[in-house]
Amino acid sequence: MIQALSGQLLVGLINGSFYALLSLGLAIIFGLLDVVNFAHGAQYMLGAFVAWMAMQYLGINYWSALILVPLAVGVLGMVFEQLVLRRLYGLDPLYGLLLTFGLALVLEGIFQNAFGISGKSYPVPDLLQGGTNLGFMFLPRYRMWVVVVSIAVCFGCWFMIERTRLGAYLRAGTENPVLLQAFGVNVPLIRALTYGFGVALAAFAGVMAAPIYQVTPLMGSGVIMVVFAVVVIGGMGSIAGSIITGLGLGLIEGLTKFFYAPASDVVVFVVMALVLLARPAGLFGRQL
Amino acid sequence: MTSALEHRDELLRLTDLHAFYGESHILHGIDLNVGAREVVTLLGRNGSGRSTTLKAILGLVSRRTGSVMVNGRETIGMQPHRITRLGRIGYCPEERGIFASLSAEENLTLLPKVGSDGMPLEEIYAMFPNLLERRKSPGMRLSGGEQQMLAMARILRVGARLLLLDEITEGLAPVIVRTLGTVVRGLAERGLTMILVEQNFRFVTQLADRHYLIEHGRIVDMITKNEVATRIEALHRFLGV
């Protein structure tokens, strides 16, 4: 009984860690660029796949991939922002949504074409194999690592945004980019870097996910729907909100799996509907 | 002190400047120039295009044509952040533009330096003691007067030499207006160049070297400091006061 419950809670915490990492990136991008980045799931998939390919073809191990893959995918994101996405700033946000949705379909299509839809498996690094028996449950070491690192990265991002000068630029730019640029800040550059950073976070989550989930071309499209619900519940653009909501909803999902498993796939959306009824701007969003 | 030559150094020259917001054509060919250490005002009724002139200088309109020479360089095709740095411009917008989610001190120190001779933080706090007291408060909690002080203070810190000040006395209590008057006079004495958009004519008559009169997006007249006394009637008629 307690074993099953704590097992589901751990799964919930793991899922929640990924929700938090992904919704954080979405929130940052939405805040500064006003773009609902529908390609976020595909960029997460890209992170996992590039890590798998790097190991398969270049012999790059997990630890190097954890650094190199987010960098590479983040740079790709910046190229996309510079070539295409920035042309849509100032237009109806719907255009950005459609463009990034199109990008997601293109990326997923390319990988399906090349690798099919069956999953590739990515080994857990040697250092993080095995686990600890806590008596009431078995705690795999890699899963513990995912939770700790995700929380650390989320906190690091929160700190950078809320407490540093660079973050102050980001917050000011989120509020009034035109005025910030009039003060001499290179806002177009900050936009490109921000998009690259958000995409790199998605790719980082993808590398972290590779040893846990199957690496498949559609792995992102499944998780992204939940992540959008997380962002809506937390409040569009709220940094702390998206982190806390991500972890919290993972846990709620886990609990639901334990008490009434059939509802676990929809519980997030039920919560979203309830929150929107009570607080239309989300739990942590500024009320309009 | 200031040599005649230095005084003629031109920081800004607008020639046939047109500006648009979307489809609406706001400025219909503005011509004006501002020399180093000069204080000029843009006078006119609401909607005549005074604030838009300041925005158009910085490139903050959706489209502008004509010529905007800053320090002798054409900026009509430049991005706003480059114009600001090139002209060492400090901009105080009409709505004050305090970032609500940043603390007072973050607002104060946010702007990148555009020159090396900015005012040190201690001096700024000595000038505006309220801001020192309120430095941890979020921008959205500051009173209108505090926001205006902050909007002025932050452009003093960055070492700007051309200040664009849009209606800085608007809606403020007389005591705060007096403080701002002292500050602006002090800045003029330090040799800063200023363009003031001001509804409060008395606030600027003693201060400004020249006044540009704007109507329907065009400069219709220019009055120097010495002419103000003789033309005060016409001025009042023009401003509708």
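This is a predicted model: local features need pLDDT of at least 70, side-chain atom pairs count only at pLDDT 80 or more; totals for chains, interfaces and linings use all residues.
Residues are numbered from 1 along each chain as its sequence is written, while chains are lettered from A and ligands numbered from 1 in the order in which they are written. Helices (H or I, at least four residues) and strands (E, at least two) are DSSP runs numbered from the N terminus, and two strands pair if DSSP finds at least two bridges between them.

**Strand E3 of chain B**

- Strand E3 (residues 39–43) of chain B is mostly covered, with five of its five residues buried; a residue is buried if 20 or more other C-beta atoms, placed from the backbone, lie within 10 Å of its own, exposed if 12 or fewer, and partly exposed in between.
- B:Val39, B:Thr41 and B:Leu43 point one way from E3(B), B:Val40 and B:Leu42 point the other way, and all are buried.
- Besides its pairing with E9(B), where B:Thr41 has B:His211 as its bridge partner, E3(B) is joined by four bridges to strand E8 (residues 193–197) of chain B, which runs parallel to it, and there B:Val39 stands opposite B:Met194.

**The antiparallel sheet of chain B**

- Four strands of chain B form an open sheet with antiparallel pairing, in the order E2-E1-E4-E5.
- Strand E2 (24–35) and strand E5 (73–74) of chain B stand at the edges with a single partner strand each, so one side of each is left without a neighbour in the sheet.
- Strand E1 (residues 10–21) and strand E4 (residues 63–70) of chain B run antiparallel and are joined by seven bridges, with B:Ala19 standing opposite B:Arg64 in E4(B).
- Helix H2 (residues 50–58) of chain B packs on this sheet, touching E1, E2 and E4 of chain B, and its direction makes about 75° with that of E2(B).

**Helix H7 of chain B**

- Helix H7 (residues 144–157) of chain B has 14 residues and reaches 20 Å from its first C-alpha to its last, close to the 20 Å expected at 1.5 Å a residue, where the expected span is 1.5 Å times one less than the number of residues.
- H7(B) is mostly covered, since eleven of its 14 residues are buried, and these buried residues pack against E6 (89–92), H4, H5 (121–127), H6 (129–133), E7 (162–166) and H8 (174–189) of chain B.
- Just after H7(B), B:Gly159 takes a positive phi of about 80°.

**Two helices of chain A**

- Helix H5 (residues 141–163) and helix H6 (residues 165–175) of chain A pack at an angle of about 75° with their axes 5 Å apart; axes are lines fitted to C-alpha atoms, for helices over the stretch in contact, and angles run from 0 to 180 degrees between N-to-C directions.
- H5(A) and H6(A) are therefore roughly perpendicular to each other, a description used for angles of 65 to 115 degrees, whereas those under 35 count as roughly parallel, those over 145 as roughly antiparallel and the rest as oblique.

**Where the chains meet**

- The contact takes 18 residues from chain B and 14 residues from chain A, two residues being in contact if their C-beta atoms, placed from the backbone, lie within 7 Å.
- The largest share of the side of chain B that touches chain A, four residues, comes from H3(B).
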